[in-house]
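Biologist: I am new to this structure and would like to go through it by question and answer. Could we look at it together?

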Amino acid sequence: MLRDITLGQYYQTDSVIHRLDPRVKLVTTLCYIISLFIVDNWIGYVIAGLFLLAVIKLSKVPFKFMIRGMKAIVFLLLIAVVFNLFLTPGEPLVTLWKLTITREGIRLASFMAVRLVFLIMGSSVMTLTTTPNNLTDAIEKLLGPLKVIKVPVHEIAMMMSIALRFIPILLEETDKIMKAQIARGADFESGNLIKKAKSLVPLLVPLFISAFRRANDLAMAMEARCYRGGEHRTKMKPLAYRKRDAIAYIIVVCYLAVCIVCGKILW
Amino acid sequence: MGIIETKDLVFEYIRRDEEGNVEGITRAVDEVTLDIKKGDFIAVLGHNGSGKSTLAKHINAILYPTEGTVWVDGMDTSDEEKLWDIRQEAGMVFQNPDNQIIGQVVEEDVGFGPENLGVPTKEIWERVEESLKAVGMYEFRKYSPNKLSGGQKQRVSIAGVIAMHPKCIVLDEPTAMLDPNGRKEVIRAVRALNDVEGITVILITHYMEEIIHADKVFVMDKGSIAMEGTPREIFSQVERLKELRLDVPQVTLLAHELKKAGLDIADGILTVQELISALKL
Amino acid sequence: MSIILDHVSHIYEAGTAMEFAALKDINLVIPDGQFIGLIGHTGSGKSTLVQHLNGLLAPTGGNIYYNGADIHDSDFNKKELRSKVGLVFQYPEHQLFEIDVFTDVCFGPKNLGLSKKETELRAYAALKQVGLEDEYFYQSPFDLSGGQKRRVAIAGVLAMKPEVLILDEPTAGLDPKGRDEILDQVAKLREETGITVILVSHSMEDVAKYVDRIIVMNKGQIMYDDEPKAVFRHYKELESVGLAAPSVTYIMQALKKKGLPVDTDITTIKEAKTAILKALGR
C-alpha cells in the first residue's frame with residue numbers, strides 16, 4: 001500500500017495549467033514567490049490573492065487539495081504570527097501582562113500569515129499540476145546554461161528522477177524489514193531515546209544493504225542499456241514551448257509589473 | 001562465425017579481506033568455449049554459484065575476460081571502441097524487475113535505451129510502441145511500474161531491451177522472483193521474440209520446464225560447461241543432472257523412474273504425449 | 001492448543017477510494033502438529049493471512065484466538081505470541097543484520113529477555129536444527145549462499161522456540177537441489193519436534209509432496225481447505241483462479257484418457273510410478 005504514495009501529490013486532470021510547459025510553471029512559481037516578498041501593502045496582497053485564485057480555478061484542482069498542503073505548516077504559521085504579533089515594537093494597542101500587541105505587530109503578523117499561506121498554495125499549484133518527471137526535466141533544461149561552468153546538470157536531474165522512482169520501493173521495503181524483525185521480537189517503540197536509536201540497527205542494516213545492492217544493480221542495468229551520461233542523448237519527450245506558454249510568460253510579466261507598481265510604488 | 005562466440009574464456013576475481021589484502025582468487029568462469037548460432041534459443045542451466053551469471057555478463061561487456069576472448073557479432077568485447085555497439089546488439093534482462101526499471105512511467109522506461117543511443121524523438125515513439133506491443137504491454141504504457149505485477153514488470157524490462165533493436169538478448173534468471181503465472185507470461189514473451197522477431201535468446205534459468213523448447217542447452221558447473229546438447233539429450237541424463245544440483249521436468253522424471261523399474265521407455269521423454277506413445281497406449 | 005480464526009476480515013485503506021478487502025470472513029482452525037500448505041496466487045490474501053496469525057496485522061473484523069485467548073485483548077502478551085508463532089519472511093535479506101551468523105540467530109531469544117547462556121544454547125540448537133555446519137557460525141551472514149541465508153533466517157525464528165512455524169516461500173530463488181534440501185530439512189524438523197508448520201508456496205509439487213492439509217486462498221477467501229488429494233481433484237477450478245494441480249496429476253489424467261486404468265488422484269511421482277506399474281500389470 002505504501003507504493004501508492006506519490007511524491008509531490010500530482011492531481012491527474014486535464015487543464016490549461018496542466019498542459020503548460022513545466023518550465024513556465026517553475027518560473028511562474030519563482031516569480032510568484034518573489035512578488036510576495038516585493039509587495040508590502042494590502043492592495044498588493046489582494047492582487048496576489050486574485051492571481052492565485054484565478055490560477056487555481058484554471059487548474060481544475062479541487063480547492064480541498066490546496067488546503068491539504070496547509071496542514072503541514074499550521075504550526076509554523078502559528079509561531080510566525082505569534083512572534084510578529086508580540087515582538088514588533090511600535091504603537092501599543094493592547095497589553096496582556098508583559099506582552100504588548102502593537103499596531104505594527106498586527107500588520108506584520110497578518111502580512112506574514114498571508115504571505116506564508118499564498119506561498120504554500122502557490123507551490124502546491126505547481127506540484128499538483130506537474131508530474132515529478134516533468135519537473136525534473138524542467139530543472140534540467142532551466143539549469144542547462146550552468147553546464148558551461150561544469151555543473152553536472154543532467155546527472156543532477158537523473159539522480160532526482162531515480163530517487164523519485166525508488167522512494168516508494170524503499171518505503172515498502174522498510175515496512176517489510178520492520179515486520180520481519182518484529183516477528184523476531186524486535187521492539188521499535190518502547191524505551192528511551194538511546195534504546196530506540198539502538199533498536200533501529202536491525203532495521204537500518206538490511207535497508208542500507210538492500211539500497212546499495214539496488215543501486216549497484218540499477219547502475220549495471222543502465223550501463224547495459226547504453227547509458228553514458230547526458231551527451232549524445234536524445235529525448236523521448238523533449239520540452240517544447242507552444243503559444244500558450246508564451247502567453248503565460250506575458251501574463252506573468254504583467255502580473256509582476258502590476259505587483260511592483262501597486263504594491264511598492266503607489267505606497 | 002556465430003552471433004556470440006567465446007574462446008577459452010576465463011574470468012577471475014580477487015577476494016579481499018576487510019583491510020583490502022588479497023585473500024585468494026576465485027575462478028568464476030573457467031575455459032569456456034562456445035559458439036551460438038544466430039536466431040537460436042539457447043538455455044543455460046546451472047546451480048547457484050556455477051558461474052552462469054558471470055558468463056552472461058561477458059556477452060554484454062559488463063565484465064571483461066581475464067583470459068580468452070568473447071566476440072559479439074564479430075566484435076571483440078575487450079575492444080573499447082566497440083563497447084556501445086556491443087551493448088546495443090546484445091541486450092540484457094536481469095533478475096530483479098524493480099532494480100532495472102529506470103522510468104517512472106512504463107513508456108518512458110522503454111524509451112530509455114533508444115534515448116541513450118541518440119535515436120530521433122519520432123523514432124523513439126515508434127520503437128516504444130512496437131516493443132510494448134511485442135511483449136503485450138502496450139495498454140499499460142501510461143502506468144507507473146510500481147503498479148504492475150512482477151511478470152508485467154519483467155515484460156517491460158524486455159520491451160526496454162527490444163527497443164534498442166538488439167540481435168541478441170541475454171536473460172539472467174528473469175523468472176526467479178516471479179510466481180508461476182508471471183513466469184509463464186515472461187517465457188511466452190521471450191519465445192515470441194525468438195519465433196517472430198528472430199532475435200537470438202540466451203535464457204539463464206533454474207526452471208526446467210522453461211527450456212524444453214530451447215534449440216540448445218548448456219549446463220554449467222564450477223565455471224565450466226559440464227553438459228551441452230538438445231533438451232532431450234540433456235534430460236536423458238537424470239542422474240548426472242541431479243549430481244549438478246539440478247532437476248528434470250516432472251514427466252521426464254516419471255518416465256525415468258518407470259524405466260528404472262524395468263519398462264521399455266527411451267531416455268529424455270519431454271512431454272506427456274511422448275510418454276503416452278512410449279507406454280504404447 | 002491451536003490457532004482459531006473466527007470471522008476474520010481485513011480491509012486496507014477502509015473508507016478511501018483505494019479500499020481493498022484482503023481477507024473476507026475467514027474461519028479457520030489450525031490444530032497442533034499439522035503440516036499445512038497455503039497456496040494462492042499473488043494478491044490472493046495469503047500474505048495478509050499469515051501476518052494475522054502472529055499479530056503483525058490486526059483484523060478489521062472478527063477475532064483470532066491463540067490457545068483460547070483472544071490475541072487482541074489488551075492484556076494479551078503480543079511479544080510472547082510472536083515467539084510462539086514464528087514467521088519467516090520470503091527474503092532472508094530482510095532480517096539478517098548482525099556481524100556473524102551466530103549473533104544474528106541470538107537476536108530473537110535475546111529480545112525475549114533470556115539469559116545470555118540460554119540465548120546461546122537456543123541459537124546453537126536452532127542452527128543445528130536447520131542443518132548449518134559449524135564452520136559457518138562465525139561468518140558474516142551476507143557472505144553465505146542463498147540456501148544458507150535461508151537456513152540462518154529460519155534458525156533465527158526457531159531460536160525463539162515457536163510452536164508454529166510459518167514459512168513464506170522459503171525456496172524462492174534457490175536452485176532445484178537447494179529447494180529440496182530446505183524442504184527436506186523442514187520436514188525432518190517437524191518429525192523430530194512435532195512443530196506445526198505452515199508452508200506458503202507457489203509450487204504445487206512441493207506442497208503435494210510434503211503437507212497433509214492444503215488451504216487454497218482466492219480473492220481474500222478460503223476456496224478449499226482439505227487434504228491434498230481432495231483439493232487437487234478440483235484442478236479445473238484451481239486453473240480458473242490461476243493455480244494448477246501438480247504436473248503429475250495432469251499426466252495421470254492424460255494416461256487415463258488413453259485407457260490406462262490409473263487413479264487420477266495421484267499427486268507425486270512415487271505414487272504415479274506405483275500406479276502405472278500396477279495398471280500395466282507389472
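This is a predicted model: local features need pLDDT of at least 70, side-chain atom pairs count only at pLDDT 80 or more; totals for chains, interfaces and linings use all residues.

Biologist: Is Asp221(B) buried or exposed?

Modeller: A residue is called buried if 20 or more other C-beta atoms lie within 10 Å of its own. Around Asp221(B) there are 20 other C-beta atoms within 10 Å, so by that cut-off this residue is buried.

Biologist: Leaving aside residues up to four places away in sequence, which residues does Asp221(B) touch?

Modeller: A contact here requires C-beta atoms that lie within 7 Å of each other. With residues up to four places away in sequence not counted, the residues that Asp221(B) touches are Gly46(B), Ser50(B), Ala226(B) and Leu244(B).

Biologist: What percentage of the residues in chain C are buried?

Modeller: Chain C is built with 11 helices and 10 strands, and its C-alpha trace spans about 65 × 50 × 35 Å along the principal axes. Its radius of gyration of 20 Å agrees with the value near 19 Å that a compact globule of 282 residues would have. Of those 282 residues in chain C, the buried ones make up 48%.

Biologist: At what angle do helix α9 of chain B and helix α10 of chain C pack?

Modeller: Two packed helices are described by the angle between their axes together with the distance between those axes. For α9 (residues 250-260) of chain B and α10 (residues 247-257) of chain C, the axes are 9 Å apart and the angle is about 65°.

Biologist: How many residues of the contact of α9(B) with α10(C) are nonpolar?

Modeller: The crossing of α9(B) and α10(C) is right-handed. On the side of α9(B) the contact is made by Gln250(B), Val251(B) and Leu254(B), and on the side of α10(C) by Ser247(C), Val248(C) and Ile251(C). Divided by class, these residues include no charged and two polar ones, while the number of nonpolar ones is four.

Biologist: Which helix gives the largest share of the side of chain B that touches chain A?

Modeller: The contact takes 30 residues from chain B and 27 residues from chain A. On the chain B side, α2 (83-89), α3 (106-117) and α4 (121-134) each supply at least two residues. The largest share, seven residues, comes from α3(B).

Biologist: How far apart do the C-alpha centres of domain 1 and domain 2 of chain A lie?

Modeller: The domain assignment of chain A gives residues 9-142 + 239-265 as domain 1 and residues 146-224 as domain 2. The contact takes five residues from domain 1 of chain A and six residues from domain 2 of chain A. The distance between the C-alpha centres of these two domains is 33 Å.

Note on methods
Residues are numbered from 1 along each chain as its sequence is written. Chains are lettered from A and ligands numbered from 1 in the order in which they are written. Helices (H or I, at least four residues) and strands (E, at least two) are DSSP runs, numbered from the N terminus. The radius of gyration is taken over C-alpha atoms; the globule rule is 2.2 Å times the number of residues to the power 0.38. A residue is buried if 20 or more other C-beta atoms lie within 10 Å of its own, exposed if 12 or fewer, and partly exposed in between; C-beta atoms are placed from the backbone. Axes are lines fitted to C-alpha atoms, for helices over the stretch in contact, and angles run from 0 to 180 degrees between N-to-C directions. A crossing is left-handed if the near helix is turned anticlockwise from the far one by less than a right angle, and right-handed if clockwise. Two residues are in contact if their C-beta atoms, placed from the backbone, lie within 7 Å. Ala, Val, Leu, Ile, Met, Phe, Trp, Tyr, Cys and Pro count as nonpolar, Asp, Glu, Lys and Arg as charged, and the others, Gly among them, as polar. Domain bounds come from an automatic or database domain assignment.
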